[in-house]
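Me: I have a model open and a list of labels for it that I'd like to pick apart. Can you tell me what backs up each one?

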Amino acid sequence: MKEALADANFPQDASGRVYHINVKYGEVANRILTVGDHVRARSIAKWFDSEEEAGHPTFIHTSQRGFLTITGRYKGVPVTILAIGMGNPMMDFFIRETRAVVSGTMAVIRFGSCGSWTDRAKLGSVIVPRGGFCIRRNLDYFSDEPVQPELAKTPYLISGNFAADEEMTDRLANNLKSTLHKLEEETDGAVGPVVTGGLNCDGCSFYSSQGRQDSSFWDDNKELIEEVRKVHPDVDCSEMETSMLFHLAKCSIKQKIKAAGCMQVFADRLGNGFIRPEVVTLLEPAVGKAVLDTLVSTEIEDEMDPVGTVWE
Ligand code: R1P
């Protein structure tokens with residue numbers, strides 16, 4: 001970021017650019033597809049209308065902190081694809097800073113990858129959760145001198161559930177089913193099915209708080225997955241951002257954020273397998289297109305139009 005920032009509480013430069021994503025009003029659309037991975041973001045952006053069709057250049061910007069923003073049009077409607085990296089704090093940067101530069105309702109769909117905890121979702125499936133919760137490593141349990149010994153008895157904290165936007169989630173699931181159906185047949189079942197109705201969980205890390213075993217570290221997580229199932233029997237998968245998205249959408253109290261998510265199953269946590277790259281190559285563009293179709297058919301109040309923006 002080259003320009004001086006003001007306001008330690010919510011830093012922005014003189015033109016309103018936010019600190020970490022480094023975008024200002026007019027550079028982010030109300031409809032956002034968010035991913036972790038820059039390569040996934042760029043490959044989905046290939047579905048955007050051409051610059052000639054859109055009537056303006058596509059806005060592409062990578063911030064110094066690694067957020068990639070691509071704003072263009074899909075079927076004539078302004079859409080942003082934003083790659084945020086990994087983990088709950090990145091989701092927090094993303095939601096708060098985009099909310100600060102967008103007016104009107106925001107519709108945000110995360111398209112991620114996950115580990116499946118259920119036989120219903122094998123490798124190559126796409127899970128569309130109805131909501132999600134978080135698992136956090138309880139640092140007090142591991143500390144030398146816990147501040148509150150009563151709260152330090154359990155190594156992991158399991159939150160309650162946060163619901164996804166029901167209407168957008170239903171449309172997303174239907175679009176995915178019709179898009180993936182043909183691919184499922186063509187690939188002899190290597191891709192699909194679409195699994196709906198269960199819960200996602202966000203781990204605060206990839207390893208310990210998702211129940212992965214690592215003999216090099218003190219984690220006390222051998223029973224974690226079973227403990228989680230007792231609290232949330234319909235958990236389908238774990239990853240690191242989608243539940244946080246649902247949580248922050250609920251907590252956006254001034255302007256509405258509609259949130260939904262879908263994740264391709266990369267890791268089979270029951271059978272211990274991992275997806276093959278050629279399956280991902282087939283899956284990602286198809287899922288990306290279904291997400292874009294869902295976003296552009298979502299009802300948005302007071303939508304902005306970034307067309308008039310002079311993009312640098
Ligand atoms: C871990 O490998 C990363 O993959 C998943 C997890 O949530 C975490 O961010 O999502 P993405 O594929 O969107 O990055």
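Me: What is Leu176 in contact with, leaving aside its neighbours within four places in sequence?
Reply: This is a predicted model, and in it Leu176 is in contact with Val126, Val128, Val194, Cys262, Val287 and Ala290. The cut-off is C-beta atoms within 7 Å, so each of those residues counts as a contact of Leu176.

Me: What makes Leu176 stand out in the largest nonpolar core?
Reply: That core has 76 residues, and Leu176 is listed with Leu33, Ile127, Cys262 and Val291 as the ones that touch the most other members. As for secondary structure, strand β15 (residues 257-268) gives the most to this core, with eight residues.

Me: Why is Arg65 called partly exposed?
Reply: Count the C-beta atoms around it. Buried needs 20 or more within 10 Å, and exposed means 12 or fewer. Arg65 has 14 C-beta neighbours inside 10 Å, so it falls in between and counts as partly exposed.

Me: Where is Arg65 found?
Reply: Arg65 is in the loop between β4 (59-62) and β5 (68-74). For a sense of distance, Arg65 and Phe133 are 68 residues apart in sequence and 27 Å apart in space, C-alpha to C-alpha.

Me: What makes β4 and β5 a pair?
Reply: Pairing takes at least two bridges. β4 and β5 have four, in the antiparallel sense, so they qualify. One example is His61, whose bridge partner in β5 is Thr69. The hairpin of β4 and β5 has five residues between the strands, and Gly66 there takes a positive phi near 95°.

Me: How many bridges join β5 to β6?
Reply: Seven, and the two strands run antiparallel. Tyr74 stands opposite Val77 in β6. This hairpin has two residues between its strands, with Lys75 in the turn at a positive phi of about 50°.

Me: Which strands does β7 pair with, and how do you know?
Reply: Go by the bridges again.
- β3 and β7 are joined by four bridges and run parallel, with Leu33 opposite Ile109.
- β15 and β7 pair in the parallel sense over eleven bridges; Val108 has Ala259 as its bridge partner in β15.
- β14 and β7 pair in the antiparallel sense over two bridges, and Ser116 stands opposite Cys237 in β14.

Me: What makes β13 mostly covered?
Reply: Five of the five residues of β13 (residues 199-203) are buried. Leu199, Cys201 and Gly203 point one way, Asn200 and Asp202 the other, and all are buried. β13 pairs with β9 (residues 131-137) in the parallel sense over five bridges, where Gly131 stands opposite Leu199. Four bridges join β13 to β14 (residues 235-239), again parallel, with Asn200 opposite Cys237.

Me: Last one: which residues are around the ligand, and what classes do they fall in?
Reply: They are Val35, Gly36, Asp37, Met86, Gly112, Ser113, Phe206, Glu239, Met240 and Glu241. By class, this shell has four nonpolar, three polar and three charged residues. Gly counts as polar here, so Gly36 and Gly112 go in that group.

Notes:
Residues numbered from 1 in each chain as written. Predicted model: local features only at pLDDT ≥ 70, side-chain atom pairs only at ≥ 80, totals over all residues. Near = placed C-beta within 6 Å. Core = buried A, V, L, I, M, F, W, Y, C linked by C-beta atoms within 7 Å. Contact = placed C-beta atoms within 7 Å.
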